[in-house]
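Here is a short note to read alongside the model. Please keep the sequence and the structure open while going through the points.

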Number of protein chains: 2
Amino acid sequence: MRSLLLLSAAALLMGVAPAKKLLTPNDVVAGAPASAWKTIDPDDLLVMDLKNGGRVVVQLAPEFAPVHVANIKALARSSYWDGASIYRVQDNYVAQWGLNESDKPWPKGVTAKPPAEYTRTLKGLAVKPLGYADPYAPGAGFARGWPIAYSAKGGWANLAHCYASVGVGRDLSPDTGTGGELYAVIGHAPRHLDRNIAVVGRVIEGIDKLSSLPRGTEALGFYKDKSQNVRITSIRLASEIPAADRPAFEYLDTGSASFALYLRVRANRHDDFYIRPAGGVDLCNVQVPVRRKA
Amino acid sequence: MRSLLLLSAAALLMGVAPAKKLLTPNDVVAGAPASAWKTIDPDDLLVMDLKNGGRVVVQLAPEFAPVHVANIKALARSSYWDGASIYRVQDNYVAQWGLNESDKPWPKGVTAKPPAEYTRTLKGLAVKPLGYADPYAPGAGFARGWPIAYSAKGGWANLAHCYASVGVGRDLSPDTGTGGELYAVIGHAPRHLDRNIAVVGRVIEGIDKLSSLPRGTEALGFYKDKSQNVRITSIRLASEIPAADRPAFEYLDTGSASFALYLRVRANRHDDFYIRPAGGVDLCNVQVPVRRKA
C-alpha cells in the first residue's frame, strides 16, 4: 500500500495523471520529462558495422577507464580494426571481437600497457543507491548513467558486469589488456569479473546482433574455423561519421526523479501481469534506459 | 586466507591432492566422487527436436509444479505438439514455443485449469543456503538440485527464474497456464517473474539452440511472419525414446560436500585469471552442474 501511494505521488509530480492502471517501467520512461534525459557525446559512441549488415553501438565510459577508452578511440580513429572479426561467442557469457592473435603494431596514441583500471575512486560520483543488498560489493547503485558497485569505506567504485557490458580482453595479470580485443556480455551478469577486468562501456543498440550469433564450439566459445568468424566492416566513433548517418542517443539521468521512480517500479511490479511484486531487484536487472535521440 | 585453508581441507577430504594451483569450479566438478551425482529419471526429461537438427533437453521438476508437469507429460505422450514451433524470441528474456493460438483440444489427462503452482511448501526440502543476500526473497539456496528462493517464516519456496529456466506461458491472472506454451530464459535472470508464473524445469542441454535464434521484431519478440517460426519435429519424454537414442543425465547433489565446495569456489574465484575474488555470488550465477551420464 505504501508503494502504491508513493507511486501515485510521484506520478503527480511528473505530471502523469493518476489512473487505475498501475505504472509499468515503460510508462515511467515514456513519461519522463525532456530534462531527465542526457545526450551522449558522439565522441563516446563506438559504432561497429558488420559485413552481414548488422550495426552494434557501444557507449564508452571514459570516466571509469580513461586510458583504455583513450586507446579504443585512438584505435578507431586510425582504422586499426580493418579486417577485424568476431571470433569468440560463448553461450551465457560473452561475444568477443578484434584482430585476434595479430601482431599489428599499435598506432600512435595507444598506451601499450595501461594501468589496471578495474576500479576508480568513489569521490566525485553522486550515487543513487540501488536500495537492496548486492552479494558482490558493500554497495550497489547508479552514477552518471551507469550501474556500479562500490565501497564507501574503501573509497572505490567499479562499473558492474551486466548484460551488454563491454570489457577489455586481457591475458593473465599483470597484463591489463590494451583495448584491441573487446567483449560484450550476452548472458547472465558475470559479476565475478568485476574488479578483475577493465569495463569500458556497454552496447546500447544492436546487442541482439551479438547475442544471436552461433556459439563457437571450441573451448571458451572460440570458433573452430576462421571461416566462421563474423566479419567487421568498420569500427568508428560516431563523431567521425557524417552527420546524416550519425546515430545519436540519450540516457535517463540516474540522478533524476524519473529514474528513482523507474527503479521503484522495477523492484515492485504492480502492473496487470504481476500477482506478487518482488519488493526488491538486483543491480543488473535495472537496465538504465537509453534511446535514440530524435 | 581462511577460504584458502578451507579449500585445501576440502580438497583433502575429496581425495584431491593439494597443489599450488588453486581449484576452479570445473576442477571441483571433475573431482566430485560418483556418490555425489544423482541420475535424472528419464520420465522427467523432455526432449525437443528441431527441424534444423538441434536438440533441446529439459529437466522437469514435478516436485515443484506437479499438475503443470503432469500436463506437460500428458501432452508429450499424446504427441500434442505435432506441428508446434518456436514463435517468440525476445532478446535478454525468453524463447517461447508451442501451438500458439491453436484451439486444439487438450488430450486426456490434461488439467485445463491447474492451480497456481508458483510456490510450494518449504517443508520437506533440505536447503543448502546460498550464504549471501538475495534481493528477491528472504532466503536463497539449493534443494534437490534446483536453485530456489524461500521464506522460512512464510513456509514457502519457489524455483528461481535463472538462465535456462523453463516456465509456463500464461495469460493475465486468474489464468495459470496449462503447459502447452513453454518458455526458456535466454538472458539475465528475470527474477521478478518468481512467484508469478509456474516454473517447471530447466534446459540442461542445447540452450544455445534457443539463445542463438534470431530475435523476433514484433512486440515481446514475436516473429513478424509465421514463416520465421522455428519448426519443431517432436517433443517427447526421454522415457518414450528407444534406449539406443535415449539421452541420460546426472546432476551434482546440492546436498553433497562437493557442491558445497563448488559453491564456495564460485563465490571466491582464486584461480589464475582472478586478482580479486568477489567474496559473494548471486543465486543464478551458481549453475548446478549437470552432465551426460556415460
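1. A backbone detail in chain A comes first. A:Arg144 is found in the loop between strand E8 (139-143) and strand E9 (146-151) of chain A. The phi angle of A:Arg144 is near 50°, which is a positive value in a residue other than glycine. Please keep in mind throughout that this is a predicted model.

2. In chain A, the bond from A:Ser173 to A:Pro174 is cis, with omega near 15°. A:Pro174 sits in the loop between E11 and E12 of chain A. In chain B, B:Ser173 and B:Pro174 are joined by a cis peptide bond, and omega is about 15°. The loop between E11 and E12 of chain B is where B:Pro174 lies.

3. Now the barrel of chain A. Here 8 strands close into a barrel, and their order is E2-E3-E13-E11-E12-E5-E4-E14. The pairing in this barrel is antiparallel. From one strand to the next, the twist averages 35°.

4. The order in point 3 begins with E2 and ends with E14, and the pairing of these two strands can be followed in the model. Strand E2 (residues 45-50) and strand E14 (residues 230-237) of chain A pair in the antiparallel sense over 5 bridges. Within this pairing, A:Leu46 stands opposite A:Leu237 in E14(A).

5. Which strands of chain A does helix H3 lie across? Helix H3 (residues 66-77) of chain A lies across E2, strand E3 (55-60), strand E11 (165-168), strand E12 (182-185), strand E13 (199-205) and E14. The helix runs at about 105° to E14(A).

6. Helix H3 of chain A also takes part in a salt bridge. A:Lys73 forms this salt bridge with A:Asp44, and the closest N and O atoms are 2.8 Å apart. The pair links distant parts of the chain: A:Lys73 is in helix H3, while A:Asp44 is in the loop between strand E1 (37-39) and E2 of chain A, 29 residues apart. Over all chains, a search of the whole structure finds 28 salt bridges.

7. In chain B, 8 strands close into a barrel in the order E2-E3-E13-E11-E12-E5-E4-E14, with antiparallel pairing. Neighbouring strands of this sheet are turned by 35° against each other on average, direction ignored. Strand E11 (residues 165-168) and strand E13 (residues 199-205) of chain B run antiparallel and are joined by 3 bridges. B:Ser165 has B:Arg202 as its bridge partner in E13(B).

8. Helix H3 (residues 66-77) of chain B lies across strand E2 (45-50), strand E3 (55-60), E11, strand E12 (182-185), E13 and strand E14 (230-237). Its angle to E14(B) is about 105°.

9. The last point is about what crosses the interface. Between chain A and chain B the rule finds 0 salt bridges, but it finds 25 residue pairs in polar contact, both residues at pLDDT 80 or more.

Note on methods
Residues numbered from 1 in each chain as written. Chains lettered and ligands numbered in written order. Predicted model: local features only at pLDDT ≥ 70, side-chain atom pairs only at ≥ 80, totals over all residues. Heavy atoms only, no water. Pairing = 2+ DSSP bridges. Helix = DSSP H or I, 4+ residues; strand = E, 2+ residues; numbered from the N terminus. Axes fitted to C-alpha atoms, helices over the stretch in contact; angles between N-to-C directions. Contact = heavy atoms within 4.5 Å. Salt bridge = Lys/Arg side-chain N within 4 Å of Asp/Glu carboxyl O. Polar contact = N/O pair within 3.5 Å; in protein donor to acceptor, adjacent residues only side chain to side chain.
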